[in-house]
Amino acid sequence: MGPPRSKKRRPTFRRLLKTSGVKLENKLKNRQLKQQNVAKKQRKEQKRLRQAVKGAVGETPRPLETYRKRPGEEEEEEEFLESLPTDMMEQEDLQQMTAMARQASFITRDLSSCGPVHGGKKRKSDVARSYEKVPRKMARTEEKEVIHLLPIKDKTGVIPQSVERVVEKQPEEEEQGEEQEEEPDDVDTEAEPPSCQEMTPAQRERLRNQKLNERKLTIAGLASAIVSDPIGSIKRVKELRGMLMEADPSVAVTVRKLVMVSLMEVFKDIAPTYRIRPLTSAEKTAKVKKETQVLREFEEGLVSQYKFYLEDLEQTVKDWKQKKKKRSQAVALQAYGGLAEVAVRCLCELLVALPHFNFHNNIVVVLAPLMNDSTKKVSGVCCDAFRKLFQQDRAGGASLATVRVISGLVKSLNYNVRPELLRTLLSLRIKEVEMKKDIEAAAPKKKFMTNKERKKNLSRMQRKWKKAEEKLEKELLEAEASESKDKKIKLHTETLNIVFLIYFRILKKAQKSVLLPAVLEGLANFAHLINLEFFDDLLNVLQDLIQAGDLSNKETLHCIQTVFTILSGQGDVLNIDPLNFYSQLYKLLPRLHAGAPNDDAIIVLRCLDAMLTRRRKQVTLQRAMAFVKRLSTISLHVMPNASVGILAANRATMHSFPKCDFLLDNEIQGSGFYLPELDEPEHCNAQNTALWELHTLQRHYHPVVRWFAVHLSQGAPSEGSAALSVELSRRSSVELFDDYSIKDMTFNPPVASPSLKKKDHFVVGATLLDAELQRRLECALTAAEDTQLDFTAAHTHKTTQH
């Protein structure tokens with residue numbers, strides 16, 4: 001029986017080739033590592049040698065003994081030197097010996113640092129660093145006398161021995177030293193340049209411009225270097241930010257403003273389009289590529305410098321608000337206002353330009369209280385910035401964070417805020433996003449095949465390719481999608497809840513505050529999005545406000561607009577008859593402003609559209625005719641764009657109620673007389689009057705008003721010579737009001753320029769006159785030529801009479 005058979009399988013030839021290749025690669029790697037280690041050691045040794053040579057060359061020679069000599073010893077030494085035969089030596093030999101003595105290394109070398117020349121390798125911990133050998137400079141050291149003793153020899157080498165003895169300094173020498181110390185100070189003060197107070201104003205201005213130009217060049221160079229290579233020049237951001245602490249009082253304010261604006265533009269350029277999150281501990285310890293590590297360092301430096309920059313801006317604003325002066329005295333207290341204004345503008349620019357980047361919520365927290373600031377310039381800039389943010393925010397996250405901060409601010413200040421702060425909420429683009437959502441929901445969605453469909457209809461290779469294609473398409477869709485629809489709806493719903501919470505709190509607790517017009521305007525703007533649960537309570541509150549009589553015309557119009565916006569939207573299911581609100585609007589129509597700022601007219605047009613056109617099934621004919629008659633009367637004394645809008649509203653009402661053509665006839669329909677002073681549209685007998693105002697409007701100076709007047713007087717036909725053009729017929733009353741506005745002092749349509757035709761010259765001749773008239777004219781002219789006038793005879797006749 002042979003030896004037991006091994007259970008281990010013999011390696012195949014392919015496996016042997018594979019293992020041999022791995023071994024060769026390992027050997028090659030080991031060889032390369034050894035070569036690198038050897039080269040590294042050689043570089044270290046060469047570096048040490050260079051440092052040693054550099055230290056020996058730069059070291060100044062110092063004597064070994066520093067004790068003072070006695071007076072007797074000095075005399076003996078002088079006698080000994082005089083007795084030396086120096087006259088037998090040449091001058092060149094004497095100079096050469098002196099130079100050799102100064103360069104002698106065994107004299108100038110410190111014995112404590114001596115070591116064996118051929119010493120072996122030392123550990124890194126035993127090697128003393130160069131800065132450890134440098135003696136410490138004490139504030140005040142006593143002079144000591146060193147007495148050298150015999151050295152001791154050990155295994156390590158020679159150990160020098162010495163004893164120090166304190167030498168007492170005489171008072172005369174101290175006085176001389178003080179005098180010598182005072183002399184250089186006097187020399188320095190004399191050598192200083194003249195101060196700014198001694199210079200003339202022209203010289204000071206010239207010096208300031210020179211310094212300012214130097215700072216400008218420095219700022220421009222740093223900013224251009226950062227923008228051209230952000231990853232490689234991120235450290236220069238710190239250098240540029242350091243110029244915010246400019247200490248020269250003559251240029252400190254201007255330089256700080258320039259640096260603030262420059263850094264703002266730099267961050268807008270180099271900031272990425274995503275939010276940078278901090279790395280976890282596992283990500284920090286993990287090994288990554290060199291490019292990834294460089295990108296991480298850039299992002300970390302960018303976030304830190306951006307944070308410091310925002311803190312500097314915030315501190316500038318705080319110093320201005322607290323009227324606090326710094327110790328440096330570089331910036332005067334009066335200049336804090338200008339610096340704070342520039343800082344606020346920079347924060348506003350970053351708020352609008354970088355809503356996705358880090359610390360955006362911190363910027364919102366800083367700027368939100370400034371919307372209520374007493375300085376109109378600062379509050380106006382902040383309000384405009386938040387309006388732009390609301391208009392540009394499509395996702396809804398930035399809007400939600402801002403609305404939360406505003407809600408907390410209004411509540412903390414007990415509703416004592418400016419109305420402009422609440423009017424910024426009107427710029428929320430929730431209405432547009434909701435409309436866009438419906439369009440996207442109606443679009444067909446792309447369907448992907450299920451696993452059963454793939455196996456049934458495709459082969460193995462086709463299933464493989466189909467799976468890869470679907471995976472790629474899903475990744476592309478995820479990359480292109482801005483935000484999921486559900487997330488958008490959730491954010492917008494939460495934002496609207498906070499906005500309505502602000503409005504309802506003010507309606508409940510501060511009805512007589514200056515915020516009520518802004519609240520009513522906001523409710524009218526977002527009324528179609530209010531939940532049905534709040535309809536009854538809101539209608540009761542608005543009706544109480546109108547009946548109280550404390551509201552202005554514009555506030556009352558906003559209440560009416562809110563009510564009918566609710567009833568024409570989700571509130572159409574409610575069984576409510578708003579007859580009181582119809583009467584209130586009918587009563588307010590004669591009070592419309594006839595001057596240039598006719599802002600109430602556009603609110604009236606919106607109310608009429610919701611009250612008469614959209615709710616035509618709930619409106620009686622008597623009510624519609626009363627409104628048409630009163631609107632025609634108002635159109636005589638308002639601005640031309642308001643007249644165009646009112647006539648367009650009358651046209652829509654006449655199309656909705658065809659029997660309103662009774663007003664174009666002079667005959668009386670029924671009993672009674674028209675009562676124009678009555679404020680009840682149902683009982684004013686409007687059917688017994690006529691629209692005589694249209695004949696007056698046909699002579700209006702505005703051509704569009706004339707066209708509408710002619711069109712309505714003919715019964716508002718859709719075809720024929722009296723029909724309107726397509727552009728006018730398709731536009732609503734609100735659009736026509738905006739199109740023909742004269743806010744910019746322009747006449748729409750423009751006035752035609754005068755014709756360039758030459759004036760006709762009348763030619764005297766028979767062709768222009770009647771024959772009989774021509775004959776009589778010629779007889780009169782010839783008779784005047786024949787008769788000679790004698791003025792002297794007439795003069796003598798008058799004298800005889802006297």
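Is phenylalanine 627 buried or exposed? Select phenylalanine 627: the residue is buried, with a relative accessible area of 0% (buried means under 20% relative accessible area, exposed over 50%, partly exposed in between, with a 1.4 Å probe and protein chains only).

This is a predicted model, in which local features need pLDDT of at least 70 and side-chain atom pairs count only at pLDDT 80 or more, while totals for chains, interfaces and linings use all residues. Residues are numbered from 1 along each chain as its sequence is written, and side-chain values use heavy atoms, leaving out hydrogens and water.

Next, look for aromatic pairs; the whole structure has ten (rings of Phe, Tyr and Trp, its six-membered ring, pair if their centres lie within 6.5 Å; planes under 30 degrees apart count as stacked, over 60 as edge-to-face and the rest as tilted).

Select tyrosine 306 and phenylalanine 359, a tilted pair at 6.3 Å centre to centre with 40 degrees between the planes. Tyrosine 306 is in helix H11 (residues 290–322), and phenylalanine 359 is in the loop between helix H12 (336–353) and helix H13 (360–367), 53 residues apart (helices, H or I, at least four residues, and strands, E, at least two, are DSSP runs numbered from the N terminus). Tyrosine 306 is buried at 1%, while phenylalanine 359 is partly exposed at 21%.

Move to tyrosine 582 and phenylalanine 627: their ring centres are 6.4 Å apart and their planes at 70 degrees, so the pair is edge-to-face.
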